[in-house]
Amino acid sequence: MTADHPRPPPRRRFVLGRNELKGLFWQALVVGIAVGVIAFLWSNTVTNLSARRITTGFAFLGREAGMPISDSLLAYNPRDSYLWAFVVGVANTLRVAVIGIVLATILGTLIGISRLSANWLLSRVAAVYVETLRDIPLLLQLLFWYVLMQALPAARAAWRPVEGVFLSNRGLILPAIPFGPPQLAVLGTAVLGCAVFFLVRRWLVVQQMRDGKPRPAWPFALGLIVVMPVAISLVLGVSWTIEWPQLRGFNFVGGLTLAPEYFALLIALVTYTSAFIAEIVRSGIQSVPRGQWDAANALGLRRSFMLRQIILPQALRVIVPPMTSQYLNLTKNSSLAVAIGYQDVVSIANTTLNQTGQAIEAIALIMAVFLTISLSISFFMNWYNSRIALVER
Amino acid sequence: MTAITDMPETPRAARRPQPGNPVLHWLRKNLFSSIPNGIITVLLLALLAKGIFSFVQWGIANAVWLTPTGDSSACRAARGLGACWAIIPEKYRFILFGTYPFDEQWRPALSVVLFIALYYLSTRRALWRRELVYLWIGALALISLLMWGGVLGLSFVSQDRWGGLPVTLILATFGLAFGFPLGILVALGRRSKLPAIRSLSVLYVELIRGVPLVSLLFMASVMFPLFMPAGFNIDKLLRAQIAIILFAGAYLAEVIRGGLQAVPRGQYEAADALGLSYWRKHRLIILPQAIRHVIPPLVNTFIAFFKDTSLVLIIGIFDLLTTAKTAIIDPAWQQFSVEVYIFVAAIYFVFCFAMSRYSRSLEARTTPK
């Protein structure tokens, strides 16, 4: 074919072949069935709802909720609206999911590494831990922990494993620093410092790439993450006194209280998920070929440097994708809270549903909340995954 | 370089004499190879000894094993010191079979045996043929007959009286038996070239996987009556079963899709070249290979799914966990829930552990060393 006389592309006539027709037919059939089923269910629902005098729509969210929420992160009282009750529920879900993810990752990593330990006893103990927790339903474990919590002594006879820490049937009570806007501001500066440090380090690496001179990053870290927040704290005169819990009468005053429901849910989620994370971490580390360890050793690298710069980056590529689905599982599993009466978003939606009969709206809200959480976790983990993914030359 | 690689591959350790006592050598190598390792070993031994000692004291030495029927006074006396295993012989019929008529409980017991036999036969590689499908259909029909009765001189037992282990096994097995074909269809749909079918499949999988099973079960128990024409209603157990089938279908579809992706292109092209139709191509060529690829993850999904059936507790269906929880409502035995939970956990553990062993042995056989 010559370049100066390009043949005009053959005019495609609009003719459907046999295969296209078949494809169209199947699609029409499946879509037709799906639409038919949905229309049938929808019309039934509309009739049923009007028979029960329930108006569809989200107007009920503005009404007074009237349900008590005993343990919440945000201020709430039963006179608040359903909308606010939902927000409180979402906050409760996030409170258990976020802390659970952090703790499960730490515990799971420790156990995964223990399973690979040269110490026979340690690796056996870790293996038994993983096998036992993986093969028993989470709900059963949750009920078990909750029963143990309730069997703890009363507040007056609380266990005190460490000074200032109380464990009783009122939950776990810890000493805490009262947090208000000034403390938050200082913490915010530290977070900001971290972000700036991250950029500075990146710039330092770019500089090092240019002239080969290593530049220490720690002075920046010290300045941005430690000195700056401390200075601000001193200037503003923020108080950091620790508040020690004390027993007054039948209950505790001060400190941070983790209610038995929350504590049981957290323990169950963390231990159960950590067993799965341990297996992921183990297989991730095992996936790094032996030659990589040998090569790093042959270069005479320090062990910490070797783990940080050679082994971990390769292991993480295998670890991150399944870890994402564990995080999603933990978040979804937090909805088992309803079984022990911790009021997460599912539990509150369920109460709403029973009180108002707004079934479709309540379920739609649950779905919206979980889809949002799932999508944000996936989004973050996919971003992280693409950052650490293998870059082929 | 060649000089090194050409060396005969005699392990050096074999030539070196083993130092002293083999037991001491093993101990040094595996438990005390370095100072931190030695410290870990000693600490762990101390912890384990303490844990095992107190468990033996609670669970065996001070435990109450048997009491006269209905009398929990011995257990109450030992409370806090020892376990009350006597609650198990007292309540096991209720925990295992729920409120099924007492004299007819051989029927659910036989069903459980049939289920286990069915699982065992399904693991035999020699039986992985079409006949296995007929075997499943036959066994499930027989189990339904046993549980419901109403014919052959068996009295009819309505499903709201079913409970305990058979219900757990029914939910899991029927969920699987219907969820698996559904999963195959959806997986094929997700890889289809037809945009409408593909997007419907994606929508279904992502919606189901995006929300917790608890909310699906709520939906089944609360919203199902709303969806149906007035006056038409189906049983609660069946509603939960439908939710579980839909749930299983979405998760299994993703596993099967992984298997489909692992089948080399050449297999598709060869099947097309033979002029096989879409369904024959998949039934004869693609699916057998695809499913074989993903058997270990499939078994893991089954395990997860078996455990997840316990969530029906939340909507009040009498599966094994719910009967256990109900058994300890009895005021006389209220304080001994830990023992009951341990008993039920052991049952779940046996099933799941057997499956995970099986999956591991399959993996060892299929992955090249």
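Modeller: Helix 6 of chain A bends by about 35 degrees at Val227(A), and a proline, Pro229(A), follows within four residues. The bend at a residue is the angle between axes fitted to the seven residues ending there and the seven starting there. This is a predicted model, in which local features need pLDDT of at least 70 and side-chain atom pairs count only at pLDDT 80 or more, while totals for chains, interfaces and linings use all residues. Residues are numbered from 1 along each chain as its sequence is written, and chains are lettered from A and ligands numbered from 1 in the order in which they are written.

Helices (H or I, at least four residues) and strands (E, at least two) are DSSP runs, numbered from the N terminus. Helix 6 of chain A covers residues 218-236, and its 19 residues should span 27 Å at 1.5 Å a residue. The expected span is 1.5 Å times one less than the number of residues. The end C-alpha atoms of helix 6 of chain A are 26 Å apart, which agrees. After the helix comes Gly237(A), with a positive phi near 65 degrees.

Chain A also has an open sheet of three strands in the order 1-2-5, with antiparallel pairing. Two strands pair if DSSP finds at least two bridges between them. Strand 1 (166-168) and strand 5 (256-258) of chain A are at the edges with a single partner strand each, so one side of each has no neighbour in the sheet.

Next, the contact between the chains. In all, 45 residues of chain A are in contact with 42 residues of chain B, contact meaning that C-beta atoms, placed from the backbone, lie within 7 Å. The largest share of the side of chain A that touches chain B, 13 residues, comes from helix 1 of chain A.

Methods. Two residues are in contact if their C-beta atoms, placed from the backbone, lie within 7 Å.
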